[in-house]
Amino acid sequence: MQKIGVFVCWCGTNIASTVDVKAVAEAAKSVPGVVFSTDYQYMCSEAGQNLIKDSVLTYGLTHVVVCSCSPRMHEATFRKAVASIGMNPYMLEVANIREQCSWVHKDKEVGTEKAIALMKAAVAKAMLNTPLTAGSTPVTKRALVIGGGIAGMQTALDIADAGFQVDIVETKPTIGGKMAQLDKTFPTLDCSSCIVTPKMVEVGQHPNITIYAYSEVTEVKGFVGQFTVTIKRKARYVDESKCTGCGACIEKCPMKKVPDEWNMNLNNRKAIYIPFAQAVPKIATIDPAYCLKLNTGKCGVCSKVCGTNAINYEAKDEYLEVGYGAIVAATGYEMIDVSKYDEYAYSNSPDVVTALEYERLMSAAGPTGGHLVRPSDGKEPKTIVFIQCVGSRETEDSCHGGKPYCSKVCCMYTAKHAILTKDHYPDTDIYVFYIDVRTPGKLFDEFYRRAVEQYNVHYIKGAVGKVTPNAETGKLDVQAADLLLMEQLQIEADMVVLAAALEPHRSARPLATMLTAPMDTNDFFTEAHAKLRPVESATAGIYLSGFCQGPKDIPETVSQAGAAAAKVIGLLSKNELVGNPCVAHSDEWMCNGCSQCENVCPYGAITYEEKEFRMPDRTTKIRRVASVNPAVCQGCGACTVTCPSGAMDLRGFTNQEIMAEVDALCL
Amino acid sequence: MASVYQVTKEEIEAISGVNPLKCMRCGRCTATCPSFDNMEYHPHQFVAMVERGEIEKLVRSASVFKCMSCMACLERCPRQVQPAKLIEAVRLAVIRKQEANHLRPDDLPALVDEDLPQQAIVSAYRKFTK
């Protein structure tokens, strides 16, 4: 027999000014099942909580209904209070008479009427509430970081420093990411390599970090605290344990015409290569697409010159299966393909380059040794045009169908390019065509103004219409508009630099599918809460670090990487995880095995299994039925509304409970 | 002076199917326009003027007929504003004047000329609005 107590909160004047709380408490007395009701000024205060606890003990209440603010605010408070006197916390129900009632009504009569209705609905649900107990699962004390750029490295270092084991999986032969390819960083003009390579070394030497470079995640199973991940270790054809990175093989390799992706394909490398001198791990890799020995069977020079016998042409991809408690996505970004913007002649002229290519042309470790020259003829450019927002801030239905978002870092790196270029070559004429100059950030606007005022970079509000390579002059004819002076400009440029949009790395989408982590239409991972949980995925145990969550610069990435690490450390420091008992469960006798719940589940919590059933006629039948993993289920309820046979139900929010609430409101 | 062009901003938007509020003033249309030097108002100004309802100024400007309809502005627009469509809508508003001279079927026999392309006759019917 249910004995329900109803506690109506005034919330000072928040509720009491538009709801007659005494009338609500009085009305509760005539609701079947209610044996006690009262009102109080602040139910969430210590005195209010004691009032609830004392009443439960005095009147032997079995269920408690608190009419107060949103359950998101104080449900946990009240549950804890009743739990402290031995009541199952899920016997408590909250009726939201503040956010959904007093705050939205002006008329006290109407507000009171609605508060009474909400109270009755909550009582109706509470009548059916049953005790729920949360299960617990153990936590594997090891973290996986996917991506070895600055985001992944920082997350891994912070987790490792807290004493947990971390593995980094990186697709490239070396960690370091895009930051290692940059020349300088804005707005301080620190040398990017000089700050990122020590980090790479720190990661490489950390006793708690294992780097799986030249590897990919191919399968993720399990759930928070208990992930099992398959890592594909691509064949390097070089034994990692033997190679010393001496470079003798690279020197002798006869295959010289392999585009060097490290230098944005601006020069060539050998078929056996180490991306750059400071690579971590510093191990040679054979490019199977170009190696003569692998493709024709003839050559084998590298194995002959290798002093440690590290070359192995027979190597095969290997697969590892490792258990993790938490996974961090740090897959980073890449530049969009600008060749579809044919008006800028990127495909027609080598002197039209993307900003990342320009970065390599400026870098002392780049293909020109830091000497800025035109890729076409090796001459120093005298006039350079920078075009902003190439592929950013475009609608999907526009002709090029670029990215709708602002890539965030282009305004600043263009100012950096302009300043660095003018610093080295003061007689260069630089034009920057912008839609808006966006420089929110510490010392950012000052930096941009320095480009204008100190370096006389010509910032022009407007756009470039077309770039035409001129065969006679060898230059690029740039036609552009200055919207402030209302002029059309014709500029003879030596180089054009495109600030192309940045997009999440192509590996992010398939990874999100493996992790069952939600993504937005731009392929950015979606955070669990845009404001309050920015480094967590809605999928438990998956954390987000760096550009894969949204455009950000290096300091923002590093901060977010640290925040993600803090969340991971918080998880790994627990021995076991207490789950949310309000999860879905399937009535196996009603389940018809249709798989619809499995298809709608955003968390991958539902699997099907073949199970033996003892039928009424004493035969045994094998049926295919749904089974919910309570550790993965987040209690969203998508499966319960999808299930055609009514087999799926949500504990704490059963179909019966919801219908009772609706009936109480409508009947 | 009362306008002879009884055309509103809403009509221009309806004829063209363009929402001028989508424009972010990047200027790529004007940068790419081959008729820039011959125009009083340039493509991005067209969009802004329609947005502000300054249709009268536009229809009185020779600029609308300097546009060559090359569609480069439409091709390059990153926000799918399509200035060329707006310009075409203004042109239509100018030539489809209310109660202006237009062909009636009765006028046809007198005009039929073997050298005259049939399209010209058909398009003459177009220049009419109810």
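Which residue of chain B forms a salt bridge with A:Glu394?

## Basis of the model

This is a predicted model, in which local features need pLDDT of at least 70, side-chain atom pairs count only at pLDDT 80 or more, and totals for chains, interfaces and linings use all residues. Residues are numbered from 1 along each chain as its sequence is written, chains are lettered from A in the order in which they are written, and side-chain values use heavy atoms, with hydrogens and water left out.

## Interface of chains A and B

A:Glu394 pairs with B:Arg28 in a salt bridge, with 3.4 Å between the closest N and O atoms. A salt bridge here is a side-chain nitrogen of Lys or Arg within 4 Å of a carboxyl oxygen of Asp or Glu. The rule finds three salt bridges across the interface of chain A and chain B. On the side of chain A that touches chain B, at least two residues each come from β21 (383-390), β23 (458-469), β24 (476-482) and β25 (487-493); strands are DSSP runs of E, at least two residues long, numbered from the N terminus. β23(A) gives the largest share of that side, six residues.

In chain A, 26 residues are in contact with 21 residues of chain B, contact meaning heavy atoms within 4.5 Å. About 1900 Å² is buried between the two chains, 53% of it from carbon and sulfur atoms; buried area is the accessible area (1.4 Å probe) that two parts lose on being put together, summed over both.

## A:Val662

A:Val662 lies in helix α18 (residues 655-666) of chain A; helices are DSSP runs of H or I with at least four residues. A:Val662 counts as partly exposed because its relative accessibility is 36%, between the limits for buried (under 20%) and exposed (over 50%), with a 1.4 Å probe and protein chains only.
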